[in-house]
Structures are given as C-alpha cells and as structure tokens.
2 protein chains.
Amino acid sequence: MKRSQKTITIQDVARKAGVSVSTVSRVMNGKDDVAEETIEKVQAVVHELGYASSLAARGMRSHRTNVIGLIMPDVASYYCQEIMRGVNREIARLDKDLIIYTSGVAEKENIAQHERSYVALLNGSITDGVVVVTPTATQFSTHAPLVIVDPNNETPDYLAVIATNREGALAVMKYLTGLGHRRIGYITGRMELTSSKQRLQGYKDGLDAAGIPLDGDLIAVGDYTTETAAVCARKLLALPDRPTAIFASNDMSAMGVYQVAGELGLQIPEDLSVVGFDNIREAALLNPPLTTVDQFIEKMGSTAIKVLVQMVKGETISSNSVEDNLFKIPTQLVIRESCASMSQHSPEQSTGS
Amino acid sequence: MKRSQKTITIQDVARKAGVSVSTVSRVMNGKDDVAEETIEKVQAVVHELGYASSLAARGMRSHRTNVIGLIMPDVASYYCQEIMRGVNREIARLDKDLIIYTSGVAEKENIAQHERSYVALLNGSITDGVVVVTPTATQFSTHAPLVIVDPNNETPDYLAVIATNREGALAVMKYLTGLGHRRIGYITGRMELTSSKQRLQGYKDGLDAAGIPLDGDLIAVGDYTTETAAVCARKLLALPDRPTAIFASNDMSAMGVYQVAGELGLQIPEDLSVVGFDNIREAALLNPPLTTVDQFIEKMGSTAIKVLVQMVKGETISSNSVEDNLFKIPTQLVIRESCASMSQHSPEQSTGS
DNA sequence: CTGTTAGCGCGTTCAA
DNA sequence: TTGAACGCGCTAACAG
C-alpha cells in the first residue's frame, strides 16, 4: 500500500543540493543567470528526488498556470466527445494543459449549482480560464476568462460559441419542401435546451417560407433519445394523413424513425423521407445513409479554446464571425440517400381524407 | 469580452463585511462558533461579491482538497467511458470532486512523460490522490496515494485494479472447445498492452487444456479496431483449412469479423462461430447477438476510487480480493447466439486437406 | 465569539 | 551568480 507521507518540496531539493530555494526555482524556470554546474547539480537532485513543483503554490504566486479548465455536462455523449476532441486538439497545438470536470453526475436540481461551484473551484487558482459546455447556470462568480459552448439560456455577459441551429433546420426544410413534401413531421429534442428550441424555430420558419400552414399534430415532443423518438415516430405515422417526411431534431432520434419505419414495413426513402441533425458517425452507416446537418461540433470545441486563450493573453477577440458576444459556427446540410422527392414516392395507399 | 481583472479574495470579503479574514474563513467552512448575525452578514457579502475560495490556497494550507484526479489515455473509447461512468458514480456517492486529465493527445513517445508530469501536477497540490488508467509509465514521482487501473507494465509499487483477462479468455476457449471447435482463429489486440498479452495467453492456455496444438497461422495480429480486425478476419477465413470459430480479443474486433462474414456469405453461427471480449452495449444488438466476456469495466472504475479514497483517509485496504497489490475484478462469459456447436454446423464444403 | 499570528510551497524582488 | 526576505490566499492555532 506504499504510502510515503511527506510530499517533497523545493526546500528538500535546495537542502540536498546545497543551494538556496531561489536557486532551485531559477533552475526550474530556466532562467539563464545560473552557473552551468549549479544547474546540473540541481537537476540531478530534482531527478533523484522526483521533485515537481506544486501547481497550487506556483499558480498562487505567478497567477498563470497554463492550464485550461473544461466543464462538461457529461463525457459519454457523442456531442461531448466531439467537443473534447476539438478541445484536445487545440490544447495540444497551443501547448497548454487541460483539466476536465463533469457536472453531469449530480441530480438535475443541482447542476447549475455544481457548475457555478466548479467554475469557482477551477478559476483563479489552478486554471487560467474556463470553457463551460451547455451550461444550465447563467451566472458565474468568476472574474477570469470564461467561454460558453452552446448556452442553454441567455448569457449576455459571456462570450459563447454556438451552432447555427435555426439556419441548419431551415436548410433542411428548404430541401424537403423543394423535394415537394408538404406533410413534414417533426420530432423535437429536449425542449428546455436552446438548441432544441432553435431547431424547432427553423422547422416552423421553413414551413412558413414554403407557405405551408403549421399543423400541431405533426410536431412530436422527443428528448434527443432513440427510444423516445421511436414513440414519436409511431404516433406521427399513425396519423390519418401521415407525413411523407420526418425531420428528427438529431441523428439519434432519426435512428428511432428508421426503426419504426422498419416495423411498419415502410421503405426509406420511397415511402418516407427522413432527415436528422448532427451528422454523427453512424449517420453515414445507416441503411440508407442518413441525410443530416453537420454542425461541426469538434470545431466548436477548438474554437472555444482558441478564443479563450486569446482572452487569457489579454488580446482582443478578432473575428468577423463574432457579433453580440456570439461565435457562430455555420452548419451544413449533408445530403445522402434518406430522402426522395414526392414524384418518386411509391404511389401507396392514399391514407387520410 | 467582459474581463474584470482582479480576482476577489477573502480579504476583500473581510474588509467589506467589517470582520477579519479568519472570521470569513470560519463562515466559509461552516464552523459553529460564529454569531448568527455575523454569519449572515458575511454570507451576504460573499454572495454580493461572488466570492469563492481559491482551491490552490486552500489545498496548500489544509493539505486536503477533497478532489480526486483521474488520468486517462483518452476520453473517447468505450473502455474509458465505462471507467469514467464508474468513477463518476463513486465520486458522487462519496461526495468528492473529480478532475480528469487526458494524456492521449500527445505523440506516442511522450505519453509516459506526460503521465508522469500530470501525476506530479495534480498531486500534492490540488488533488488528494490520483487514479491512472492503463499507464505507459511505470514509475511516478509522487508520494501521494495512487491507484492504477489495468497497468500495462509491472508496477509492483502501486496498487492496481485489473480484470482477469487470461481467465476470461480461458473461459471462452473452454466454451468453444466444449462446443467441439478445434480450428479456432484468434485476433489479437494491441500487443504492447498487457490486456492483449493476457488474453492471448488465455487463448493459448485454452488450446493447451483441450490438447489442441498451437497453429501460428490461426493467430492474426490486430489492434482492437474494427478495421484491422476485418483485415485479420479476411486472412483467417482465406486459410486452406479455415477456422470454424474466431475469437476476437475485443468486441470492436468481433464486429470486423461479422462484417467479413457478411461479405463472404458466411452465416453466423452456422458457418462460423464468433466470440468477442468486453461486452460493449452494441454486442447484444448485433445480429446475431454476440457471445462475449463481460469485464465489468465500470466496476473497475468505481473500485479504483473506493480504494483510493480509503488510502487517502489512511485506512488500511481491507479486501479478500487483493493480493500482490492487485485488485482482481472477475470477468464473466456472456453466452448469446453467435456460437454453434460443431454438430450443428452447416455440412459445408469441406475445405482444406 | 472574534481578531491576531504564523506558516503552507513557491516565485520574485533586492542585496550581497 | 547566489541567498534572504517577502507575499500570494488561505486555514489553524492561540489569544483576547
């Protein structure tokens, strides 16, 4: 169980090397005003003792730790993984260090509280700045640089990186209506999330742009999961005048639609067109490959870090894509094979009135 | 870009509240020897100023941060996600905080170095103890509690949590040979990893136990990925006397075998039995459901935390499952529908000699 | 009950 | 070129 008690400090090194602590400090920080042989002697002792300076003490003094904090709702979802991928890449490129904290373990009620306390925890002590992903909280008690990815609320005080959810959904609707669809079902995400609200707005606006009246029956409330989406799809497809296309607000939900279409013996895209959102890896592997919207999640992660590091350095944020404190990462429609134009649709049993 | 410079300290609170810093400290830490009205006054100021104590300073003084560090090779793999799930659960249960660090972004060469520096970084300053997952390094310069999950080397100095890889593979071989298979192909994992070596050993021992001579041609070197496994499977199934069963050293690899079997028009399990290792979620969803070995990865994560926290508290590790500094988490064979006994095999073209 | 004092381990002056 | 002294923000001991 091996548990040597004392943590070894700069003092131990100094004593053993027969120099003062400040000399050791100079060697550790690569100052050039130290005699060559002193450097070697100190380094030898450092190596022998396995000394490493304490982040806490160092950060406390120098007010710069070279560490970036990342606060995420979870680490298991595809979304978060992509964010982390982008963050990691950028952190490596900038030669910074990264510390991740997950707030998702707490019960729903406490998430905002947890987020706030973690911002406070990381901030100003061990971290130069913090990126918070899809925060529940709107206000953070920190005076250090902070960037938000996909805010779920209005957070005018902080710089945020967001995907153009509404525009992405709008592009889908334009595509679908262009294909001749007029009965388009929609499966929402978790409606408390901004992303979900914005995508729904895009759906409505798309309908509007095509001059199609909104039919509440065609909107089913999901929660971004495959299971719930399947329930929604079943409801939608049981409608008297059932939709010829279903727009699921994320790819996981679209997979639920695929599943139900299979159960009902509906061919995609001949009998039913399906569109998702996110462009997760599996989207291209589905049968048929899913048409969806790529929102470049990874890029959102790397952008957040890039911006944060600029803030840490005290640079002014320069970009043409920033307005109202928002960094918009444009989405892109990825057309694959899950949609057919109405003219190609199977001339099936004309259900409904 | 909102960037108030000064970080607010306990001093600011004390001054504004008209009390001393120690009183503020007492209130913050919930000491009971403070007057009710003083508490309220201080809390009001704390709230107003958005004050949060610095982890760095706090940890430096009290030598106890209540924070556990977790160092992982990556955060994207199924394995790591399961570990995190277990870790998260236990952290929440014990009311600790968690900080995750990923070493996987670096180039291969530097991983060990990175790991070591991160152990040093987290340790003794901002963390009470550290869990390192599948480390490349063998030696860490820390004198604080440290637990290793799935060591890839001999690390006799540290307590480690491991899955019984060899025994798991042995169980598979016993099952397969019991079904009458004698030509059993094997796809290895990344051979530099201990888990991979141990599983291979289990394969060999299983052959031995059944009195089947080892045939080098039946062992294909993979790397735990689906892509490479597919290449391996193609090679294996092109053998003159091709195997009647393939044991893939993880489920991702088994998926590669499924894929190739499909290409070759081989029915599973009628023409080919397949076994995996890991029991990932997708295993049960494959067609047919995959027989595999569950190694309870999540439990490894929670166990590591449990043990580490005991060490932090200075308790002696009490368990019957610990010997030689190793905590063994037993694996379990999960039999589904991807294997058939030889007597049920399609009486196909008898290839080979 | 509250304020004063003394460090925790480190980096950074300022002298020597 | 090196060492002594100070202070970062905080908690714990000791007074009052």
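**Entry 1**

I began with A:D150, which sits in the loop between β4 (146-149) and β5 (159-163) of chain A. Elements here are DSSP runs numbered from the N terminus, with helices being H or I of at least four residues and strands being E of at least two. I am working with a predicted model, in which local features need pLDDT of at least 70 and side-chain atom pairs count only at pLDDT 80 or more, while totals for chains, interfaces and linings use all residues. Residues are numbered from 1 along each chain as its sequence is written, and chains are lettered from A and ligands numbered from 1 in the order in which they are written.

I read a phi near 50° for A:D150, a positive value in a residue that is not glycine. A:D150 counts as buried because 24 C-beta neighbours lie inside 10 Å. For the burial classes I use C-beta atoms placed from the backbone: 20 or more others within 10 Å is buried, 12 or fewer is exposed, and in between is partly exposed.

I then checked A:D278, another non-glycine with positive phi, at about 130°. A:D278 belongs to the loop between β9 and β10 of chain A. A:D278 is also buried, having 28 other C-beta atoms within 10 Å.

**Entry 2: cis peptides**

Which residues does a cis peptide bond join in chain A? I found A:N287 and A:P288, with omega about -5°. A:P288 falls in the loop between β9 (273-275) and β10 (292-294) of chain A.

I place B:P288 in the loop between α11 (281-285) and β10 (292-294) of chain B.

**Entry 3: strands**

In chain B I traced an open sheet of four strands, ordered β7-β6-β8-β9, with parallel pairing. Strands count as paired if DSSP finds at least two bridges between them. The edges are β7 (219-220) and β9 (273-275) of chain B; each has a single partner strand, so one side of each lacks a neighbour in the sheet. β8 (residues 245-248) of chain B pairs with β9(B) over three bridges in the parallel sense. I noted B:V275 in β9(B) as the bridge partner of B:F247. Helix α9 (residues 226-237) of chain B packs on this sheet, touching β6 (184-187), β7 and β8 of chain B, and its direction makes about 155° with that of β6(B). Axes are lines fitted to C-alpha atoms, for helices over the stretch in contact, and angles run from 0 to 180 degrees between N-to-C directions.

A:K328 in β12(A) is the bridge partner of A:I162. In a regular strand the side chains alternate between the two faces of the sheet. Which face of β12 (residues 326-329) of chain A is covered? I have A:F327 and A:I329 on the covered face, and A:L326 and A:K328 on the uncovered one.

**Entry 4: the two chains**

I laid chain A on chain B: a turn of 180° and a shift of 0.0 Å along the axis give an RMSD of 0.3 Å. The two copies are therefore related as by a two-fold rotation axis. The superposition is by least squares on C-alpha atoms of residues with pLDDT of at least 70 in both copies. Both copies use the same surface, as 98% of the contact residues of chain A recur in chain B. Contact is defined as C-beta atoms, placed from the backbone, within 7 Å.

I count 46 residues from chain A and 45 from chain B in the contact. On the chain A side, α4, α5 (78-94), β2 (97-102) and α6 (111-122) each supply at least two residues. The largest share, six residues, is from α5(A). By class this side has 27 nonpolar, 14 polar and five charged residues. Nonpolar covers Ala, Val, Leu, Ile, Met, Phe, Trp, Tyr, Cys and Pro, charged covers Asp, Glu, Lys and Arg, and polar the others, Gly among them.

**Entry 5: DNA**

I listed 27 residues around DNA strand C, of which A:T9, A:I10, A:S22, A:A57 and B:S22 come nearest. A residue is near a molecule or strand if its C-beta atom, placed from the backbone, lies within 6 Å of it. Two or more residues each come from α1 (10-17), α2 and α4 of chain A and from α2 and α4 of chain B. α4(A) has the largest share of the surface near DNA strand C, with five residues.

Around DNA strand D I listed 26 residues, with A:S22, B:I10, B:S22, B:S25 and B:A57 nearest. Here α4(B) gives the most, five residues. The classes near DNA strand D are nine nonpolar, 13 polar and four charged.

Methods
Contact = placed C-beta atoms within 7 Å.
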